[in-house]
Amino acid sequence: MKQKRFSVYKEGVKIAEVRGTNPQTQQVIPMHDLNDYEENKLHEYIAHLDHTT
C-alpha cells in the first residue's frame, strides 16, 4: 500500500515532503537545509495538520 504524501510550501517554494499520515511513523523529508527555527515551525505545522485531517 502506498503511503499518502503531501508537500509543504513556504512562499511558493517546496520546503518539505511528508510521507504517511500516522504521526508516529510519518517521514518528513526537507528539500533543503532548515535552520532550527524553520525545522521547529515545520514540525508544528505538520502536527497541526494531523489534528485537522
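Me: Which residue forms a salt bridge with Lys41?
Reply: This is a predicted model, where local features need pLDDT of at least 70, side-chain atom pairs count only at pLDDT 80 or more, and totals for chains, interfaces and linings use all residues. Residues are numbered from 1 along each chain as its sequence is written, and side-chain values use heavy atoms, with hydrogens and water left out. A salt bridge here means a side-chain nitrogen of Lys or Arg within 4 Å of a carboxyl oxygen of Asp or Glu. For Lys41, the closest N and O atoms are 3.3 Å apart, and the partner is Glu44.

Me: What separates Lys41 and Glu44 in helix H1?
Reply: Helices are DSSP runs (H or I, at least four residues), as are strands (E, at least two), numbered from the N terminus. Lys41 and Glu44 are 3 residues apart in helix H1, so the separation is about one helical turn.

Me: Is Glu44 buried or exposed, or partly exposed?
Reply: Buried means under 20% relative accessible area, exposed over 50%, and partly exposed in between (1.4 Å probe, protein chains only). Glu44 has a relative accessible area of 48%. Glu44 is therefore partly exposed.

Me: Which parts does the Lys10 and Glu38 pair tie together?
Reply: Lys10 forms a salt bridge with Glu38, with the closest N and O atoms 3.9 Å apart. The two residues are 28 apart in sequence, so the pair ties together strand S1 and helix H1 (residues 36-52).

Me: Which strands stand at the edges of the sheet?
Reply: Two strands count as paired if DSSP finds at least two bridges between them. The open sheet has 3 strands in the order S1-S2-S3, with antiparallel pairing. Each edge strand has a single partner, so one side is left without a neighbour in the sheet: these are S1 (5-10) and S3 (27-30).

Me: How many bridges join S1 to strand S2?
Reply: Strand S2 covers residues 13-19 and runs antiparallel to S1. Among the bridge partners, Tyr9 goes with Lys14, and Arg5 with Arg19. The number of bridges is 6.
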